[in-house]
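Please keep the sequence and the structure in view while reading.

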Amino acid sequence: MHDTSQAGAAADGSVALMWFRQDLRLADNLAIRAAAAGRVLAVYVLDDAAAGPRTMGGAHRWWLRGSLESLAADLKRAGAELVLRQGSAAKIIADLVKSHHVTAVHAGQMLEPWGRAQEAAVAKALPQGVALQLHRTATLYEPGVIRTKTGGTYGIYTPFARAARAMQPPEAPVPAPKRLHGVAAKSDSLASWNLRPAKPDWAAGFRETWHVGEAAAHARLKHFMAEALDRYPEGRNIPGEDLTSMLSPHLHWGELSPAQVWHAAEAAGHGEALRVFLSELLWHEFSANVLWNNPAIGEESQRADFRKLRWRSDPKDLRAWQQGRTGVPIVDAGMRQLWHIGWMHNRVRMITGSFLVKHLLVSWVEGERWFWDTLVDGDHAVNAQSWQWVAGTGVDSQPFFRVFNPVTQSAKFDAEGAYIRRWVPEVAKLPARWIHAPWTAPAEVLAKAGVRLGKTYPEPIVALEEGRDRALEAFRAMRGA
Ligand SMILES: Cc1cc2nc3c(=O)[nH]c(=O)nc-3n(C[C@H](O)[C@H](O)[C@H](O)COP(=O)(O)OP(=O)(O)OC[C@H]3O[C@@H](n4cnc5c(N)ncnc54)[C@H](O)[C@@H]3O)c2cc1C
């Protein structure tokens with residue numbers, strides 16, 4: 001937002017407090033760059049109360065632990081300590097400002113309503129003469145600046161993306177400060193926060209899948225640009241292969257900035273592959289803007305008529321969906337991938353989301369909450385916007401009456417069943433022809449593959465045609481109401 005240069009570093013001995021939040025990186029971080037002009041007190045506050053019911057779930061905490069560890073090591077190499085504190089950010093930061101004679105506080109701006117409220121509380125708690133300076137760290141452009149010719153906001157992606165592409169290209173990333181003049185303060189130990197699970201330890205799949213932290217994010221970025229960007233236009237729809245960037249958690253936690261990803265893609269790619277990849281980054285930017293302009297997007301359907309839709313409340317079906325026991329293999333594969341590694345392929349996010357909302361007629365809010373709790377990349381802007389898109393309740397969304405058929409989707413995008421075989425071993429021995437809908441397979445095929453429906457693998461919890469009709473009926477009733 002208000003960047004200052006690095007001129008005059010530490011000449012007057014003034015102390016700036018760098019409040020790290022969801023910008024856990026040193027490179028292309030305008031906040032640390034501004035703070036580095038003097039001596040730096042680098043702080044992360046675990047403020048669980050600030051987010052209320054949106055407080056971090058287990059997957060978020062698992063990631064945060066690794067990211068803070070990595071940030072602390074990077075800061076140390078540059079000459080500063082990372083001070084860890086737990087409690088109210090407003091109180092902790094105001095106290096540190098007073099005790100360490102801090103003259104300015106720098107932070108990355110958050111888009112989430114609770115982050116914005118926290119910023120207001122911190123600004124209010126600071127002593128007279130010390131300002132909270134917020135910097136853009138999570139988006140390509142200042143949130144809210146991409147507007148229609150008449151100054152309105154965009155609710156639809158396509159014109160938003162067109163307007164974004166007509167802007168100046170995103171600024172070139174700035175390097176990490178070479179040297180920091182750190183100021184020490186009393187700190188909690190990271191281990192004492194118990195951010196990772198012990199008993200039960202459910203994180204084996206997380207450890208196998210992810211390398212956390214700024215250096216690991218850059219390694220992943222480099223790998224994707226070299227190995228998969230060229231195939232992205234088709235590859236991004238194939239969940240059984242590793243052809244998307246898997247950068248989303250690094251972006252959510254700010255280990256990478258969107259501008260770094262944008263410029264890396266421009267340097268490595270060209271043609272259709274580059275165009276499609278940058279369009280996805282613009283979806284990220286679009287979601288950020290939608291949240292900025294509609295802070296309640298995670299709480300209620302954007303289209304007011306959908307607030308009257310009679311969703312079903314069915315804890316048993318919801319639980320079967322969450323646990324990947326719906327009896328529809330592509331849905332179960334996705335939900336189990338999510339549980340095991342804290343991430344799900346985008347195509348399958350759409351399929352599982354649609355199945356919950358349409359075939360089970362359970363509100364998107366339930367799905368949004370579950371994803372929030374279980375994703376390592378759980379990002380309020382993208383998650384809420386995407387759920388409303390899938391559900392048909394958003395301003396930009398597919399029509400409610402367009403119901404994804406999970407079997408057709410599965411046969412199209414996981415033709416050989418590689419993805420299903422990986423995550424649903426109970427049906428792994430079925431031939432590709434039957435793996436997408438085992439309930440349609442002849443008895444001898446099932447027997448040969450060791451599948452006993454209702455015993456080794458569930459019968460579908462809803463007949464797809466019936467689920468679809470029920471959803472359309474609810475939609476018609478809502479329209480008539
Ligand atoms: C129901 C639902 C919920 C979702 N929840 C989240 C979420 O909480 N956090 C999240 O980051 N993404 C979410 N997405 C969007 C998308 O699924 C993920 O961003 C993507 O799967 C991440 O994998 P990737 O990094 O390999 O993506 P890539 O295909 O490599 O794309 C590169 C980057 O572009 C952005 N991007 C890609 N697709 C989308 C999209 N459809 N919308 C917005 N940005 C996109 C992401 O930042 C991503 O990291 C959700 C999608 C759906 C359908």
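Does L361 count as buried or exposed? At 3% relative accessibility, L361 counts as buried, where buried means under 20% relative accessible area, exposed means over 50% and partly exposed lies in between, computed with a 1.4 Å probe on protein chains only. The model is a predicted one, in which local features need pLDDT of at least 70 and side-chain atom pairs count only at pLDDT 80 or more, whereas totals for chains, interfaces and linings use all residues. Residues are numbered from 1 along each chain as its sequence is written, and side-chain values use heavy atoms, with hydrogens and water left out.

L361 is placed in the loop between α14 and α15 (364-374); helices (H or I, at least four residues) and strands (E, at least two) are DSSP runs numbered from the N terminus. Although L361 is not a glycine, its phi is positive, at about 55°. H101, likewise a residue other than glycine, has a positive phi near 50°. The loop that holds H101 runs between α3 (89-99) and β4 (102-108), and H101 is exposed, with a relative accessible area of 65%. A further backbone feature is the cis peptide bond from K199 to P200, with omega near -5°. P200 belongs to the loop between β6 (181-182) and α6.

Two buried residues may be considered next. N29 lies in the loop between β1 (15-20) and α1 (30-35) and is buried, with a relative accessible area of 1%. Its side chain reaches the backbone oxygen of R25 at 3.0 Å. Leaving aside residues up to four places away in sequence, N29 touches M18, F20, D23, T137 and V174, contact meaning heavy atoms within 4.5 Å. L472 is found in helix α21 (residues 464-480) and counts as buried at 13% relative accessibility. With the sequence neighbours up to four places away again set aside, L472 touches F401 and V403.

The pockets come next. On a 1 Å grid over the protein atoms alone, a pocket is an open set of points where a 1.4 Å probe fits, with protein on both sides within 12 Å along at least five of seven lines, and lining residues have an atom within 4 Å of a point. The largest pocket has a volume of about 1,200 Å³, a volume being the space filled by probe spheres set on the grid points, which are joined across faces, edges and corners. Its lining consists of 45 residues, of which E280, W283, N346, V382 and S386 lie nearest the centre. The helix that gives the most to this lining is α11, with 10 residues. Domain 2 (138-172 + 211-293) and domain 3 (304-480) each provide at least three residues of the lining of the largest pocket; the domain bounds come from an automatic or database domain assignment.

The second largest pocket has a volume of about 280 Å³. Among the 18 residues that line it, M246, Q337, I341, R422 and W423 are the closest to its centre. The lining of the second largest pocket receives at least two residues from each of α6 (204-209), α13 (329-341) and α18 (418-423), and α18 gives the most, with four residues. Why does the second largest pocket lie between domain 2 and domain 3? It lies between them because both domains give residues to its lining.

Notes. A polar contact is a pair of N or O atoms within 3.5 Å; within protein, one must be able to donate a hydrogen and the other to accept it, and residues adjacent in sequence count only if both atoms are side-chain atoms.
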